[in-house]
Amino acid sequence: MSGVNGGNQDVDIDLGRVISAVWERKGRILGATIVAAALALVGTTLMKPSYKGETRLLIESRSPNLSGGDAAAQANDPLLDSLNITSQAQLLQSTDLIKRVARDLNLAKLKEFDPAAQSFLPDPLVLIGLKQDPMSLDPEDRVIQEFREKLDVYAVENSRVIAIEFSSRDPKLAADIPNRMAEVYLQLQSGAKLDTHSETAKWLEPEIANLTQKVKVAEKKVADYRSSNGLFQTTETNSFSTQQLNDISTELARIRGERANAEARAENVRTALKAGRASDTLSDVVGSQVIQRLKEAEANLQAQISDSSTSLLEGHPRLKGLRGQLSGIRQQIESETKKILASLENEAEMSRIRERQLMGQLNGLKADSAKTGEEEVGLRALEREAAAQRQLLETYLARYREATSRLEGNSSPADARVVSKAVEPSEPYFPKIIPIVIVVSLATFIFGCLIVIVSELFSGRALRPSSVREIDDEIVLAVGASAPAAAAAPLPVHQMQAEAARFDRPEPARESAKNAAALAYAKIAEQSLAEKESEAEEAVAVAEVDDSGFTIGSVAHYLQRHDVPVAIAISPGGDEGSTATVLLAREIAESGRTVVLVDMTGSAAPTQMMVENPKLPGITDLLCGETAFGDAIHPDRLSDAHIIPHGASDPARAMRGVDRLSMVIDALADAYDLVLIECGPAEIAGISRLTRNAMAEIVLSVPGFKDEEVAELVTDFEAAGYSNLLVMAQTADRHSPRPGKRRAA
């Protein structure tokens, strides 16, 4: 947290000072906490305890099933829906129910329910007009108001249970009042159902009398219409004309069958006679008794002729007489057969005559039946009216009998029952002494600490200039008595060159650049030290730095302090410089910053140091479009840093897509705090495409280089237009502490 003081200087909160201030005043804070805890203990002990009782009601349909069958399903019963449960909860809080309970328990005489009437001192709020005078209300209204404040009725979630809670200073009242409320509620519900049945019975009595008269009139109209039109009923479903029509149809079918049978028999006999077949093959002929007697006589004569022919000659008179008798019998049989044929024909003719008569009667009945059907249309209309009136009368009679049977008090129970009665509580629900004391103590302690912290902040004692923190974090150059030393924090080379331009010496270019850089570092460090000593009165930490060059820690601190998004590392020495760049990335990752290293070297030295498999997809695959962006990023095996390896694609083909590199760097800069690009021993002309980003810093990783070689490289880069350079000449801090640490000067 930063702020601005009177001199418009950035300040931070000194957490150490805040904690020290709280610790210095610990006695006062603890004393206030103990006093508050004691007061809370005394106050809760002196409070009158309150007790709470609870009764629970279950809403359910309790109508008795008097039909004797199975009870109907109650899944869609409107009595059990959520709106009805809520309505019943509101009914339990109705004024009429509360009044009845208050009267039954005589609550108006209790001071708890009418404190205004029992109080001798006036209420100050009433005197100044901020509160209504309770004595202006009726005593019953005051009791109801106090009753409502102590009552809590709610529907239990996801159930049909309603809970009635009541708090009172008397534990007996805390249990009696909710139980009494449940009893009164059940009585009111049962009474409401009795009133409904009584009103239903009273309404049905005149309606039943009126319907009885209407049924009589309707049935009389049916009888009169039937008699006037001759629509007599033989059964419940058939009339007289319909019955006659059915009988004649049946008789006609029988006569037609007999006629057909007689005609078939006569035709059979006629055909047999014409064909000359023996008559004894016909069933009608054989069945005749006359034919049977003639056949017997014929058989006897044939037997006599057979016996006589054995002893008499053919011309004997006895044989001639017997043959004459046989011929006469056969003529009689033929004559009798013809008589049978005539009888069958007469029988068929009689059937035809009877059929014609029945057809005439049937046609007449059809005409009468058509006329009867037209008349029955009006009859059926009258019968429907009478049936409707009769059915309505029967329904009213059934409901009337059911309503009158439920006029007794016990026959109509309320649609609810008590599932849990309130019992007299043994412990008060308020006040809870231990929780209240603990809460008051914690609140007092926290409030006391907050007061101390706020007072320290507003007094300014807990604020410190941000320059003090910068002095703690930076590594400052100490100017010794014998020779100037190099600054720990890296300074841009363009500042060194600007300062070196003030000196005109005949030394060679390398010596001039080296001396100019040393003088510039010394002067800037002295100015910075003087400013910091003037702003902060505390001792300033001075770090000792080796004269051989700038360290990885100082470069890392510079990149973090200035929030550099992109840094391009050039390693003229090859893999040794790339190794220093890897250490730089790990140093920044250890400080909690997110950093990704892009391996653009030819030897892939950073890839071999940071990942186990050097064939992982990397920057060359990304530039060739052979891998996804997320697949090219891998974690470092020894730190929290990330790396985009060299890759397995052809570097020459990857360089043809180098135009994509700027987009890749911009995307990485949006995701990471620092994008570190290691280019290896790249030429100055080859890094022009990487420096399009104006925020990019160039880091010369030159561990083991001599000062003359470093100065020559700086001169060459400046001649190419790169003046903003950072030099990293050491691979580790040997004499200075890690960034953020302090050493006394």
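A polar contact is a pair of N or O atoms within 3.5 Å; inside a protein, one of the two must be able to donate a hydrogen and the other to accept it. Keep that in mind as we look around this predicted model. The chain has 745 residues, and 37% of them are buried.

**The whole chain**
- Take the contacts with a separation of 6 or more: 79% of them are between residues 24 or more positions apart.

**Glutamate 112**
- You'll find glutamate 112 in the loop between helix H4 (95-105) and helix H5 (115-118).
- Its relative accessible area is 14%, so glutamate 112 counts as buried, because the cut-off for buried is under 20%.
- The side chain of glutamate 112 reaches the backbone nitrogen of arginine 169 at 3.0 Å.
- Glutamate 112 also makes a side-chain to side-chain polar contact with serine 168, at 3.0 Å.
- If you skip its neighbours within four places in sequence, the residues in contact with glutamate 112 include Glu146, Lys150, Asp170 and Leu173.

**A four-stranded sheet**
- Four strands line up as S4-S5-S3-S6 in an open sheet, with antiparallel pairing.
- Strand S4 (151-155) and strand S6 (416-420) are the edge strands, and each pairs on one side only.
- On average, neighbouring strands in this sheet are turned by 25 degrees against each other, ignoring direction.
- Helix H8 (residues 171-228) packs on the sheet and touches strand S3 (51-59), S4, S5 and S6.
- The direction of H8 makes about 20 degrees with that of S3.
- What holds paired strands together? Strands of a sheet pair through backbone hydrogen bonds, and they can do it parallel or antiparallel.
- Here, S4 and strand S5 (residues 161-168) pair in the antiparallel sense over five bridges.
- Within that pair, valine 153 stands opposite isoleucine 164 in S5.

**Leucine 319**
- Leucine 319 is in helix H12, which covers residues 317-405.
- Is leucine 319 buried or exposed? Leucine 319 is buried, because its relative accessibility is 0%.
- Not counting residues up to four places away in sequence, leucine 319 touches Ile305, Ser308, Ser309, Leu312, Leu313 and Glu314.
- Serine 306 is 13 residues from leucine 319 along the chain, and their C-alpha atoms are separated by 9.4 Å.

Technical notes
Residues are numbered from 1 along each chain as its sequence is written. This is a predicted model: local features need pLDDT of at least 70, side-chain atom pairs count only at pLDDT 80 or more; totals for chains, interfaces and linings use all residues. Side-chain values use heavy atoms; hydrogens and water are left out. Helices (H or I, at least four residues) and strands (E, at least two) are DSSP runs, numbered from the N terminus. Buried means under 20% relative accessible area, exposed over 50%, partly exposed in between (1.4 Å probe, protein chains only). Contact means heavy atoms within 4.5 Å. Two strands pair if DSSP finds at least two bridges between them. Axes are lines fitted to C-alpha atoms, for helices over the stretch in contact, and angles run from 0 to 180 degrees between N-to-C directions.
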